[in-house]
Amino acid sequence: MPAEKIATNHLEPGIYPIKAFSDNYIWLLTNGHDAAVVDPGQAAPVFDTLQHHNLTLVSILLTHHHQDHVGGVLDLVAHSGAHVFGPASEVLPVCNTPLQENDTVKDASLGLRLTVLDVPGHTSGHIAYAGTFGDDPILFCGDTLFAAGCGRLFEGTPAQMDASMGKLAALPPQTRVYCAHEYTLSNMRWARTVEPDNQVLARWQQAAQKARDQDQPTLPSSIAQELACNPFMRTRHPAVAQAAAQWARHALTSPIEVFAALREWKNNFR
Ligand SMILES: [Zn+2]
């Protein structure tokens with residue numbers, strides 16, 4: 001629920017989007033007076049939210065090194081002393097606890113328990129955080145998985161990204177997926193071209209359009225929704241593989257080739 005709709009300044013325990021740049025979300029987790037943020041590309045909107053709700057920033061979680069995900073970290077640390085977690089194999093402005101696959105991040109007062117997944121592809125050291133907040137299964141996937149889409153392959157191969165998507169696909173279906181950008185509608189326009197007969201996708205697109213018409217985020221999505229609708233998670237689905245081969249104008253002999261064709265198709269889709 002957006003902060004504006006709450007009568008007092010107190011935020012109920014939960015996960016809230018802080019808008020940054022034109023389409024980034026910095027996810028804020030709070031319980032009581034403690035807060036954590038994921039991928040703060042800008043410090044100012046985070047400071048505003050912390051101050052407005054009288055919150056103390058205790059942790060910062062980073063998924064990868066891109067500036068629109070780490071640009072606010074130094075300022076936030078200087079003013080809060082927050083502890084910074086991030087990928088071990090990437091160069092970050094600051095990182096107190098470097099993380100790699102199967103490492104855990106726990107914060108008892110926030111009610112947060114996360115396990116790290118290595119998900120290379122968008123960047124070579126990109127990590128995701130999967131686990132629970134209270135009783136809710138959650139995923140912070142940075143720029144790896146988007147609603148009905150995935151991140152561009154700046155530093156990785158289709159094979160790496162396909163394997164990374166496979167790790168996320170194996171999470172519990174009810175897992176809430178907190179992506180770092182509002183790319184949903186544009187991804188869905190493309191996904192409907194790939195799978196015009198996918199009725200689950202058609203209904204989700206309507207709901208997402210309604211949310212955006214009211215200036216609401218389309219996120220979080222869920223792993224179940226992504227499995228049903230996201231072409232990059234459906235490379236083994238005959239309709240998706242066939243559409244990718246038609247676009248590529250040649251036979252595709254493996255899910256990785258399907259993934260590579262889909263990524264190329266999306267890169268060129270207008
Ligand atoms: Zn990025």
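The following legends describe close-up views of a predicted model.

Residue numbers start from 1 along each chain as its sequence is written, and side-chain values use heavy atoms, with hydrogens and water left out. In this predicted model, local features need pLDDT of at least 70 and side-chain atom pairs count only at pLDDT 80 or more, whereas totals for chains, interfaces and linings use all residues.

**View 1. The open sheet β1 to β6.** Six strands are arranged in the order β1-β2-β3-β4-β5-β6, with mixed pairing. Strands β1 (14-20) and β6 (97-99) are the edge strands, each pairing on one side only. From one strand to the next, the twist averages 25 degrees. Strands (E, at least two residues) and helices (H or I, at least four residues) are DSSP runs numbered from the N terminus; two strands pair if DSSP finds at least two bridges between them. β3 (residues 34-38) and β4 (residues 56-61) are joined in the parallel sense over five bridges, and D34 has T56 in β4 as its bridge partner.

**View 2. Helices α1 and α3 on the sheet.** Helix α1 (residues 44-52) lies across β1, β2 (24-31), β3 and β4, and runs at about 140 degrees to β1. Helix α3 (residues 73-80) packs on the sheet and touches β4 and β5 (83-87), its direction making about 145 degrees with that of β4. Contact means heavy atoms within 4.5 Å. Axes are lines fitted to C-alpha atoms, for helices over the stretch in contact, and angles run from 0 to 180 degrees between N-to-C directions.

**View 3. The open sheet β7 to β14.** Six strands with mixed pairing follow the order β7-β8-β9-β10-β13-β14. β7 and β14 stand at the edges with a single partner strand each, so one side of each is left without a neighbour in the sheet. β9 (residues 127-133) and β10 (residues 136-142) pair in the antiparallel sense over five bridges, and F133 stands opposite D136 in β10. Helix α4 lies across β8 (112-118), β9 and β10, at about 155 degrees to β8.

**View 4. The packing of α4 and α9.** Helix α4 (residues 158-169) packs with α9 at an angle of about 100 degrees, the axes being 9 Å apart. This makes α4 roughly perpendicular to α9, a term that covers angles of 65 to 115 degrees. P158, A159, M161, D162 and M165 of α4 meet P255, I256, F259 and A260 of α9. The residues of this contact divide into eight nonpolar, no polar and one charged. Ala, Val, Leu, Ile, Met, Phe, Trp, Tyr, Cys and Pro count as nonpolar, Asp, Glu, Lys and Arg as charged, and the others, Gly among them, as polar.

**View 5. The second largest pocket.** The second largest pocket has a volume of about 210 Å³. A pocket is an open set of points, on a 1 Å grid over the protein atoms alone, where a 1.4 Å probe fits, with protein on both sides within 12 Å along at least five of seven lines; lining residues have an atom within 4 Å of a point. Grid points are joined across faces, edges and corners, and the volume is the space filled by probe spheres set on the points. Of the 14 lining residues, F146, C150, G151, R152 and Y183 lie nearest the centre of the pocket. Helices α5 (184-194) and α9 (255-268) each supply at least two residues of the lining, which comprises four nonpolar, five polar and five charged residues.

**View 6. Backbone features in two loops.** The peptide bond from L219 to P220 is cis, with omega near 0 degrees; P220 is placed in the loop between α6 (199-213) and β14 (221-222). N102, in the loop between β6 and β7 (104-107), has a positive phi of about 75 degrees although it is not a glycine.

Methods: Angles under 35 degrees count as roughly parallel, over 145 as roughly antiparallel, 65 to 115 as roughly perpendicular and the rest as oblique.
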